[in-house]
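Student: I'd like to learn how to read a protein model step by step. Could you walk me through one?
Tutor: Gladly. Let's open it and take the features in turn.

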Amino acid sequence: MVFSRFNFFVFVFLFNIAATTFSTDQDYLVDMVIFSFDRPLQLYALLESAAKYITGNGEVHIIYRASNEQYGNGYQMVQRDFSGAIYHKQGNNPRQDFKPLTLDATFKSPHAFVVFAVDDIIVKDYIDLRDCALLLQKTDAYGFYLRLGRNLNYCYSLNRSQPLPPLQAIFDDVYSWQISTGSGDWGYPNSVDMTVVRKSDIKSWFYNMQYHHPNTLEAAWSRKTHAVQHRCGLCYGQSKIVNLPLNRVQHEYQNRCMDVPPHELLATFMQGLKIDINPLFKIQNKSAHMEYGLTFIER
C-alpha cells in the first residue's frame, strides 16, 4: 500500500471524522478468542495484562483444555478472578471438539473483527482494539499485527536475524507494508499471536480447513498465505505484545522454547503466586518471542 501525499492527508481527514464517534461505535469492537492448554499460570498473566492494557474488546472467549484434575483446578482459579470471559472447556475428545468450539467462539458474536491469542502472550503496552479495526477499514489492510513493530529484527522461532520490510508511515505511529515483502515474522501473515482481522476475510477458510488444536489451526491457516501476499499489514512503531516461550505442551510441532516443565509452573500457581507482569511494560524485545527470567508475586 503506497500513499501519495494527497492520499495521506485525505486518509487523516477521514480518520479524524470517524474518530469523533469512534468511542461509542459498537461496529469496531474486536472479539478475543484465546487458546490454552495446561497453562493456567500463563493464561492468568495474559488475562491480567489484557485487562490492564486493552480496551475496545468485544466478547472474550477462552477455549481451554486440562490434561488432569490438577490443571483443571488451576483453571478454576483463573475463572474465579477473570469471570467476565466466556470459558469453553474441551471434553474427552479434544481433537473433535476444538474446531466446533473455535467456530462458535469466533463467528457467533455479531462483532465484525477478531483477534486470536495463545496463552503464553503478555500484553506489554496500551492498545485500543477499536483503533486497529478502524484503521483496517480505512486502509483495507489484511491484518493489524500487535506482535510486530520496528523493534523486531530477530526471529526467535527460526533463530535468525530478519530485516524490516519497507515500512510506510501512514498515521500517527502506524506503519504499513506489503506482506510479500516481509521475511520471518514479517512474512507470516496468518498467526494466532494477536493479529486483528476481519471475520469476513477468514470465515470460509476456518469452516473448510481441517484442524484440531491451535498449532494445526495456524498451520492450515498459514497455507492460505498466497491468497493475501498482495495485501498489506499494519503495525505500531513498537510491538504491543510479547510471547514468552516458556514451554511446549504439545508434541506434534517441535517449536523452540525454554523447556520449563509445565508441572513446575502449575505448582507455583497453586501456591498462590502469579507472574509479575510489571517489568514487561514497554519492554524492548527484539523478537516476537523472547526468553525471559520470570519473577513471581502473590496473586
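**Reading burial, strands and helices**

Tutor: Let's start with a single side chain: Cys232 is buried, because its relative accessible area is 5%, and buried means under 20%. Keep in mind that this is a predicted model.

Student: Is Cys235 buried or exposed?

Tutor: Cys235 is buried too, with a relative accessible area of 0%.

Student: How many disulfides does the structure hold?

Tutor: To call one, look for two cysteine sulfur atoms within 2.5 Å. The structure holds zero disulfides.

Student: What does the whole chain look like?

Tutor: Begin with an inventory of the protein: eight helices and 17 strands. Of its 299 residues, 57% are buried. Then ask how far along the chain the contacts reach. Among contacts with a separation of 6 or more, 81% join residues 24 or more positions apart.

Student: How do I read a sheet, and in which order do its strands lie?

Tutor: The general idea is that strands of a sheet pair through backbone hydrogen bonds, either parallel or antiparallel. Here nine strands make an open sheet with mixed pairing, in the order β4-β3-β1-β5-β13-β8-β14-β12-β11. At the edges are β4 (86-89) and β11 (168-171), each of which pairs on one side only. On average, neighbouring strands of this sheet are turned by 25° against each other, direction ignored.

Student: In which sense do β1 and β3 pair?

Tutor: Strand β1 (residues 30-37) and strand β3 (residues 57-65) are parallel, with seven bridges between them. As one example, Met32 has Val60 in β3 as its bridge partner.

Student: How many bridges join β11 to β12?

Tutor: There are three, and β11 and strand β12 (residues 174-178) run antiparallel. Ala169 stands opposite Tyr175 in β12, and Phe171 has Val174 as its bridge partner. The two strands form a hairpin with two residues between them, where Asp173 takes a positive phi near 65°.

Student: Which residues have the most contacts inside the largest nonpolar core?

Tutor: To find a core, follow buried nonpolar residues joined through side-chain atoms within 4.5 Å. The largest one here has 88 residues, and those with the most contacts inside it are Phe144, Leu146, Met194, Val196, Ile202 and Phe206. Helix α2 (residues 40-53) gives the largest share of this core, eight residues.

Student: What does Phe144 touch?

Tutor: Leaving out residues up to four places away in sequence, the contacts of Phe144 include Cys132, Leu136, Val174, Met194, Val196, Cys235 and Tyr236.

Student: Finally, where is Ala288 placed?

Tutor: Ala288 is in the loop between β16 (273-275) and β17 (296-298). Ala288 is buried, with a relative accessible area of 3%. Now compare sequence with space: Ala288 and Leu152 are 136 residues apart along the chain, while their C-alpha atoms are separated by 6.9 Å. Beyond residues up to four places away in sequence, Ala288 touches Arg147, Leu152, Tyr154, Asp185, Val242 and Asn243.

Methods. Residues are numbered from 1 along each chain as its sequence is written. This is a predicted model: local features need pLDDT of at least 70, side-chain atom pairs count only at pLDDT 80 or more; totals for chains, interfaces and linings use all residues. Side-chain values use heavy atoms; hydrogens and water are left out. Two strands pair if DSSP finds at least two bridges between them. Helices (H or I, at least four residues) and strands (E, at least two) are DSSP runs, numbered from the N terminus. Axes are lines fitted to C-alpha atoms, for helices over the stretch in contact, and angles run from 0 to 180 degrees between N-to-C directions. Buried means under 20% relative accessible area, exposed over 50%, partly exposed in between (1.4 Å probe, protein chains only). Contact means heavy atoms within 4.5 Å.
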